[in-house]
Amino acid sequence: MRKITKPKEDSKTVFLNCITDFSDQDLKTRLEQIASLIATSSQQFDNLIRENKLCLIERNKVYKATKEERIFGGLVTINEVKEVYTKGFAAKDSPGRVLYDEIILSAPYSKCPYCFHRNVGTMDHYLPKAYYPLLSVVPFNLVPSCIRCNTGELRASFPQQPSEEILHPYYDDVEKELWLRAEVKHTSPATINFFADPPEKWDSLLKDRVRNHFSILKLNELYSIEAALELINLEGQCQAQYNMGGAAAVKSHLEETAESRKVAFINSWQTALYSAIAIDNWFHNGGFVIPKK
Ligand SMILES: [Zn+2]
């Protein structure tokens, strides 16, 4: 997970900007009447997430009934609120699109901040708009994401307890200390297993959230596949080192690579991979060989 800069735009202003081009005057007026609710809900989100209490935010309980059902005192339907996002924020040439693009581009290297591997391809609602329509265009509920990490099947529709809140790239910073590790399985070819191993001194809730983030987003599955490909590419280098200086040369080469990776990104899957193979004697002594089919 990579921390990225939290958008500074005011939520109510963003919401009102999104509806400026709406031609249905009646709808526009009704939406303007819930603008203060947007501000309140946005503030509530910003306060509660800092305390890991998002489960306390009231969600839209009529979602399962009908998308046409009126909410917020009968002022608007769920669909009408959600369309502020689709038509006023995400649509090309809509008033909100400038901010949409800014948020998408805020992810360094265009990498998804949740998995820090796949490319950003969509906008994720940290709390989904179906259950939290008031947060549909709240900037800090919107996170640039890869399509897979945004997929509903991976994530709970709403957190029911603090440990279910996956890491939020605007609020959580877990990049200062090592928590992503890997181990080498002595199979043929070698396989790499990744796991979250937060520092002992972290509070237990943050440890649980990091482990849940890793598990819910199936990051071991993602990183293991990438590591398998990396090992194929690495075989030639390891063999060359081995031919020159035996297992010690392989170890030394891998230690240097691991250190370089660690300096770049302490919790990347590459750092975890190279750190694991750098200390595995079995790997240095020929475990790097990929059996030919
Ligand atoms: Zn991702």
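Is Asp46 buried or exposed? I began with this residue in the predicted model, and I noted that Asp46 counts as buried, at 11% relative accessibility.

**Entry: salt bridges**

I then looked for the charged partner of Asp46, and found that its side chain meets that of Lys6 in a salt bridge, at 2.8 Å from N to O. Lys6 lies in the segment before helix 1 and Asp46 in helix 3, so I wrote the pair down as tying together parts that are 40 residues apart in sequence. Lys6 itself is partly exposed, with a relative accessible area of 22%. I also noted that Lys6, Asp46 and Arg50 are linked in a network of salt bridges.

I looked up two other pairs, and recorded the accessibility of each partner. Lys207 forms a salt bridge with Glu200, with the closest N and O atoms 3.4 Å apart; Lys207 is buried at 11% relative accessible area, whereas Glu200 is exposed at 69%. Glu230 and Arg261 meet through their side chains at 3.8 Å, N to O; here Glu230 counts as buried at 18% relative accessibility, and Arg261 is partly exposed at 30%. For the model, I have a count of 18 salt bridges.

**Entry: helix 1 against helix 3**

I turned to the packing of helix 1 (residues 11-18) on helix 3 (residues 35-50), and noted an angle of about 140 degrees, with the axes 8 Å apart. The crossing of helix 1 past helix 3 is right-handed. On the helix 1 side I listed Ser11, Lys12, Phe15 and Leu16, which meet Ala35, Ser36, Ile38, Ala39 and Ser42 in helix 3.

**Entry: helix 9**

How many of the 10 residues of helix 9 are buried? I found eight in helix 9 (residues 269-278), so I described this helix as largely enclosed by the rest of the structure. The buried residues are Trp269, Thr271, Ala272, Leu273, Tyr274, Ala276, Ile277 and Ala278, and they pack against strand 5 (180-185), strand 6 (191-196), helix 8 and helix 10 (281-287).

I next looked at Leu178, which lies in the loop between helix 6 (147-150) and strand 5, and which is partly exposed, with a relative accessible area of 22%. Leu178 and Ser268 are 90 residues apart in sequence, yet their C-alpha atoms are 9.6 Å apart in space. Leaving out residues up to four places away in sequence, I listed Asp197, Pro199, Ile266 and Asn267 as the residues that Leu178 touches.

I recorded a nonpolar patch on the surface formed by Ile225, Leu229 and Ile232, with about 300 Å² of accessible area together. Ile225 sits in helix 8 (residues 219-264) and counts as exposed, at 51% relative accessibility, the cut-off being over 50%.

**Entry: backbone**

I kept in mind that most residues other than glycine have a negative phi, and that most peptide bonds are trans. Tyr109 has a positive phi of about 60 degrees although it is not a glycine, and phi of Ser110 is likewise positive, near 55 degrees. Tyr109 lies in the loop between helix 5 (97-105) and strand 3 (122-125), and Ser110 lies in the loop between helix 5 and strand 3. Tyr109 counts as exposed at 60% relative accessibility, and Ser110 as partly exposed at 42%.

Finally, I noted a cis peptide bond joining Ser188 and Pro189, with omega about 5 degrees; Pro189 lies in the loop between strand 5 and strand 6.

How values were computed
Residues are numbered from 1 along each chain as its sequence is written. This is a predicted model: local features need pLDDT of at least 70, side-chain atom pairs count only at pLDDT 80 or more; totals for chains, interfaces and linings use all residues. Side-chain values use heavy atoms; hydrogens and water are left out. Patches are made of residues with over 30% relative accessible area and no salt bridge: like charges are joined within 9 Å, nonpolar side chains (Val, Leu, Ile, Met, Phe, Trp, Tyr) within 5 Å. Accessible areas come from the Shrake-Rupley method with a 1.4 Å probe; for residues, only the protein chains shown count as cover. A salt bridge is a side-chain nitrogen of Lys or Arg within 4 Å of a carboxyl oxygen of Asp or Glu. Helices (H or I, at least four residues) and strands (E, at least two) are DSSP runs, numbered from the N terminus. Buried means under 20% relative accessible area, exposed over 50%, partly exposed in between (1.4 Å probe, protein chains only). Axes are lines fitted to C-alpha atoms, for helices over the stretch in contact, and angles run from 0 to 180 degrees between N-to-C directions. A crossing is left-handed if the near helix is turned anticlockwise from the far one by less than a right angle, and right-handed if clockwise. Contact means heavy atoms within 4.5 Å.
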